[in-house]
Amino acid sequence: TQICVSQPDAAEKLNVSTRAVQSAAAVQRTGTPELQAKVDAGEVSVSAAADVATLTPEEQDEVVARGEKEILAKAKEIRARKAKKKK
């Protein structure tokens with residue numbers, strides 16, 4: 001049975017930011033199983049995984065296969081690209 005809770009309510013109950021809940025939802029929604037497993041194992045942060053989850057499944061698998069450092073580097077690259085678009 002699923003219980004519907006708003007993201008702000010979930011964030012408050014988990015003592016995390018709403019953004020963290022949004023990132024986790026993005027990883028669950030669009031992240032590959034391999035990427036999700038890295039988050040579950042604590043090897044990659046939710047925020048980094050959320051950035052990588054914006055890639056195609058094939059690109060995600062390729063990045064994940066290269067390891068934690070590559071995941072973090074790709075997340076940083078994606079964030080920089082997003083920041084540049086906002087300017």
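**Note on charged side chains**

1. The side chains of Glu70 and Arg66 form a salt bridge, 3.5 Å from N to O; the term means a side-chain nitrogen of Lys or Arg within 4 Å of a carboxyl oxygen of Asp or Glu. Glu70 is partly exposed at 25% relative accessible area, whereas Arg66 is exposed at 52%. Buried stands for under 20%, exposed for over 50%, and partly exposed for values in between (1.4 Å probe, protein chains only).

2. The model is predicted: local features need pLDDT of at least 70, side-chain atom pairs count only at pLDDT 80 or more, and totals for chains, interfaces and linings use all residues. Residues are numbered from 1 along each chain as its sequence is written, and side-chain values use heavy atoms, without hydrogens and water.

3. The structure holds seven salt bridges. One of them pairs Glu43 with Lys38, with 3.0 Å between the closest N and O atoms. Glu43 is partly exposed at 35%, and Lys38 is partly exposed at 22%.

4. Asp51 and Lys82 also meet in a salt bridge (3.4 Å, N to O). Asp51 lies in helix α4 (residues 46-52) and Lys82 in helix α6 (residues 68-86), 31 residues apart, so the pair links distant parts of the chain. Helices are DSSP runs (H or I, at least four residues), numbered from the N terminus. Asp51 is buried, with a relative accessible area of 5%, while Lys82 is partly exposed at 36%.

Note on methods
Helix = DSSP H or I, 4+ residues; strand = E, 2+ residues; numbered from the N terminus.
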